[in-house]
Amino acid sequence: MNIIVCIKQVPGTTNVNVDPVTGTLIRDGVAAKMNPYDLYALELGFKLKDKHGGTLNVVSMGPNSALEVIREAIYMGADGGVLISDRKFGGADVLATSYTLCSGILALGDFDVILCGKQTTDGDTAQVGSELAEHLKVPHAANVRDVDVDGDRIKYVSNLDNKIVTAKIKTPCLLCVDGEVNTPRLPSFKRKLQYGDCAEQIRIITFDDLQDKDETHYGLKGSPTQVERIFNPDKKSEKEIIKDGNLASEMYKILRDRKFV
Amino acid sequence: MGLVINQKLVNDETGKQLVELCPFNAISYENGKLDIGVGCKLCKMCVRKGPQGVVTFQEDEIVKVNKDEWNGICVYADSDHGVLHKVTFELIGKAKELASVINHPVYALLIGNNCDEDIKELLSYGVDKVFVYEHEELRDFDIEKYANCFSDFIETVKPSSILVGATNVGRCLAPRVAARFHTGLTADCTRLEMKENTDLVQIRPAFGGNIMAQIVNPNRRPQFCTVRYKIFNSPEKVEEPKGEVVRVEIKQEWLKSNTEILKIEEKPRELDISEADVIVAVGRGLKSVDDLAMVNELAELLGGVVACSRPMVEAGIFDAKHQIGLSGKTVKPKLIITLGISGAIQFTAGMNGSDCIIAVNSDPEAQIFDVCNYGIVGDMYEVIPQLIKQIKGE
């Protein structure tokens, strides 16, 4: 079984503010990390591989610094990794990102199952997986909690609002994995010593490696949505801030006046 | 892409300046050469705030869509075996507001089986037309079949905007269909507005959730967005529903699927914090798991439930179903008390519609005080035990 897991490097913190004077973004320079939701997808992938054999490769789109999370995945147990990286991919929204991932994955050859995390912590859209499946023209399921192989199909359990659905899906397919469905393994120190910078395990794909070389499908040009402006959220104008006095009594008064006690 | 570097103006000074300026670390300067990498989010900070003329933005020529061909605001009716999710009604209310700006009709798109009750309910909220895709093979949600019906609806009706509830089904279906039409999709919008030229203004927390982004999709149609439950208000029912029902004949080819459903089980009824009237939410200010006792006691005294912010789930103290925020649940209770929560937008976007917000935090600069009705600047460990005593009348 040929398994692909999509991973992303995200900022270690989500503290971004707009400077009220200059209107510039202020970002805390804290180290980047692997998107935590991707760890559950990886672990589910390892489970499939351990049980049914085959290979597990990770795919990431991002700048060169994203090689770090690919290495981490290899230390965890992935056989190899691919970084899809090119200046032409910058400024991509969900449509262009998913399309670029699709083109990169097609350049790799055949796959049986693609696993994606539920969402990223820097975008929080939870859309890229489903759009990727559409571009690849493969069936998909979201909120997947468990998987197993059943003949030539993949059996999965998915969490659909008020229902738990068990279904069989034909391969090739794509599954978006829910959060907190397993306990992701830690990177192995032994593998780290063995593979080092993973030069042999990692391949970098650029625009020139893709079959579709129409630049209007990638990056900013391939992104239908445009950010018109960014701003700090409204502050509530009518509010009462209580700093002094007996705070508990003040709070009790508020609750009593508004008939909560 | 649209950013153009004028290498003639690049030198050690301007190069380093730009590298430092970029909030996304997307600019590199090596061996006298400046480059913009894939991390670029097109915030254009380098154009606006960087050294004059080094990086400029060039508008690309864009194929314009004929917006007059696309008419109507559509709400996807999220029906789970004949029970409409309440987010559907909230979206109908918002769709009517948006449609009134541009004088468009409001549509509902319903896919399922045994749809009569759902149709009646949708009409009662005053939609102009309900488009119905009804078939016994559409009884259970199947991504391929539903996406095919959805696509047929878009091709036939050509709606200008489509609002989808951000349920698990909606989040699975909307991106699939949006990608098929090569159009934009904005997830989890917290505000929607309509421009005279029918462009839908979509506002949502962005870049990890501490700032808001205003997003448009000016050159493609339809415009797609998802909205979570409890973001907008449910409208009043209309007294005399006048909407029309359009039943679409199902083509066999739409029902092809690579998925075979083996079993559907009802989830055991579990706590849903979004349905609670009173919530006591706790965050990083909590020093130890044992201290949850006082939080639980306060919630109990107020007849409410306990919820939390994301770090508490990541620390394994709470189950994800207690989490408020962009990656958790949206809540709109009559009262929410936040204890030791700093108030990143990631969190506040999931609760700032609440009727009454009382925030307790020892940091007077905490962002939570920007969204609260009452801010108590103090240590929760001093305030809460005393408050509990007072409520108990001790």
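Biologist: Which residue forms a salt bridge with D150(A)?

Modeller: This is a predicted model. A salt bridge here needs nitrogen and carboxyl oxygen within 4 Å. For D150(A) the closest N and O atoms are 3.8 Å apart, and the partner is K168(A).

Biologist: How many residues apart are D150(A) and K168(A)?

Modeller: The pair links distant parts of the chain. D150(A) sits in strand β9 (residues 140–150) of chain A, and K168(A) in strand β11 of chain A. They are 18 residues apart.

Biologist: How many salt bridges does the rule find across the interface of chain A and chain B?

Modeller: Over all chains the count comes to 37 salt bridges. Across the interface of chain A and chain B, the rule finds seven.

Biologist: Which residue of chain A forms a salt bridge with D35(B)?

Modeller: Side chains of opposite charge can pair when their charged atoms come close. For D35(B), the closest N and O atoms of the bridge are 3.8 Å apart. The partner is R87(A).

Biologist: What area is buried between chain A and chain B?

Modeller: The contact involves 88 residues of chain A and 102 residues of chain B. Carbon and sulfur atoms give 56% of the buried area. The total is about 8600 Å².

Biologist: Which residues of chain A lose the most area to chain B?

Modeller: Three residues together make up 9% of what the chain A side buries. They are R87(A), E134(A) and M251(A).

Biologist: How many residue pairs are in polar contact across the interface, and which strand gives the most to the side of chain A?

Modeller: The rule finds 33 residue pairs in polar contact between chain A and chain B. On the side of chain A that touches chain B, one strand gives the most, with eight residues. That is strand β11 (residues 163–170).

Biologist: Where is P222(B), which a cis peptide bond joins to R221(B)?

Modeller: Omega of the bond between R221(B) and P222(B) is about -5°. P222(B) is found in the loop between β14 and β15 (223–227) of chain B.

Biologist: Where is P172(A)?

Modeller: The peptide bond from T171(A) to P172(A) is cis. Its omega is near -5°. P172(A) has its place in the loop between β11 and β12 (173–177) of chain A.

Key. Residues numbered from 1 in each chain as written. Chains lettered and ligands numbered in written order. Predicted model: local features only at pLDDT ≥ 70, side-chain atom pairs only at ≥ 80, totals over all residues. Heavy atoms only, no water. Contact = heavy atoms within 4.5 Å. Buried area = accessible area lost by both parts, 1.4 Å probe. Salt bridge = Lys/Arg side-chain N within 4 Å of Asp/Glu carboxyl O. Polar contact = N/O pair within 3.5 Å; in protein donor to acceptor, adjacent residues only side chain to side chain. Helix = DSSP H or I, 4+ residues; strand = E, 2+ residues; numbered from the N terminus.
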